[in-house]
Amino acid sequence: MTTPSEPGGGRLDPSLTAIMSERRQLINLAYRLLGSLADAEDVVQETYARWYAMSRQQQEAIESPGAWLTKVASRICLDLLGSARVRRESYMGEWIPEPLPDRTEWISGRPGGAMVDPADRVTLDESVNMAFLVVLESMTPAERVAFILHDVFRYSFAEVADIVGRTPAACRQLASSARRRIRAAQAPATPASRQARIVRDFKQAWEAKDIDALIGLLDPDATAIADGGGLAAAVLRPVDGGEQIARYLVDIAGKAPDLTILERTVNGQTGLVAQQDGVTVVVMAFEVAGDRIKHLWAVRNPDKLRPWTTG
């Protein structure tokens, strides 16, 4: 984006710094609302385009530019969430939110693999772990926006109402409904150290093609979901059952002996990355319940692997 400057002395517009400082907040908000970094980037770009389409007089009349940007971005996301349901109904196979690497490994996916601006990075916390994002996908657009704005970003229900176009009381009900969905769907929190140990044991068992060890690490009712988006070979339906998942993984390992499995941070939690010839081809996220893996999500769609390092 071109940086405007004050006429004359070539100095930056002093208001520009304040406007651009909102960029990271907007990226964080849009990613949580949409589950897609690519869509989040488009939303932020469109939000700034609308700001700069206004005259200087119109901009100066806005009391809180940051609040204006958030409102516009949220409304764009709300519209996109409605259309996303239609798009995902025709998506080839299962749709999984776009996985994010640890900030130390983030690359842009642009030619040359240059590091992205820190303002483009998403803050990794419990509100972006894969299990959380998957539950968000089950919500209505209004529920998702109300919940994320209020519970994650701490906007008042009066502010949320102005964005969603409903009453504060209605927005309170939307957020409450969203919380019930999360409580019903998510397993009790597992300490990060325990999850890391279980994922590490899973990695070793997978590399060793040890079916019995894998079965022991997977919940008997575990579910594995793969997202290839029609662009990479992947199962089109979830694989249910610990033993079935274990046999499927061993079969994959047998067919791809050159696969390198690496332990990496995926959406703020311990996950795995599979590489072939130094190129990331699969990113795996896990939900652990007790001492066993309850859910496994494997993203193979190359369009969703842009931010990942390639070795």
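These notebook entries record what I looked up in the structure above.

**Ground rules.** I am working with a predicted model, so I kept in mind that local features need pLDDT of at least 70 and side-chain atom pairs count only at pLDDT 80 or more, while totals for chains, interfaces and linings use all residues. Residues are numbered from 1 along each chain as its sequence is written, and side-chain values use heavy atoms, with hydrogens and water left out.

**Overview.** I began with the secondary structure of the protein chain, which comes to twelve helices and six strands; helices (H or I, at least four residues) and strands (E, at least two) are DSSP runs, numbered from the N terminus. Of the 311 residues, 47% count as buried, where buried means under 20% relative accessible area, exposed means over 50%, and partly exposed lies in between (1.4 Å probe, protein chains only). I then looked at contacts, meaning heavy atoms within 4.5 Å, and found that residues 24 or more positions apart account for 63% of those with a separation of 6 or more.

**The cores.** Which residues touch the most other members of the largest nonpolar core? They are Tyr 31 and Ile 148, in a core of 49 residues; such a core is a set of buried Ala, Val, Leu, Ile, Met, Phe, Trp, Tyr and Cys residues joined through side-chain atoms within 4.5 Å. Several helices each supply at least two residues of this core, among them α2 (23–34), α5 (65–89) and α9 (168–185). Leaving out residues up to four places away in sequence, I listed the residues that Ile 148 touches as Leu 29, Arg 32, Leu 33, Phe 132, Leu 136 and Phe 153. I also noted a second, separate core of 30 residues, which includes Ile 198, Phe 202, Leu 217 and Ala 246.

**Asp 151.** Apart from neighbours within four places in sequence, Asp 151 is in contact with Ala 146, Ala 175 and Arg 179.

**Helix α10.** This helix (residues 192–207) has 16 residues and reaches 22 Å from its first C-alpha to its last, close to the 22 Å expected at 1.5 Å a residue; the expected span is 1.5 Å times one less than the number of residues. The buried residues of α10 include Gln 195, Ile 198, Phe 202, Lys 203 and Trp 206. Just after α10, I found that Lys 209 takes a positive phi of about 55 degrees.

Strands β3 (residues 260–266) and β4 (residues 269–276) run antiparallel and are joined by seven bridges; two strands pair if DSSP finds at least two bridges between them. Val 266 stands opposite Gln 269 in β4, and the two strands form a hairpin with two residues between them.

**Cysteines.** I looked for disulfides, each a pair of cysteine sulfur atoms within 2.5 Å, and the count comes to zero. Cys 77 counts as buried at 1% relative accessibility, and Cys 171 is buried at 0%.
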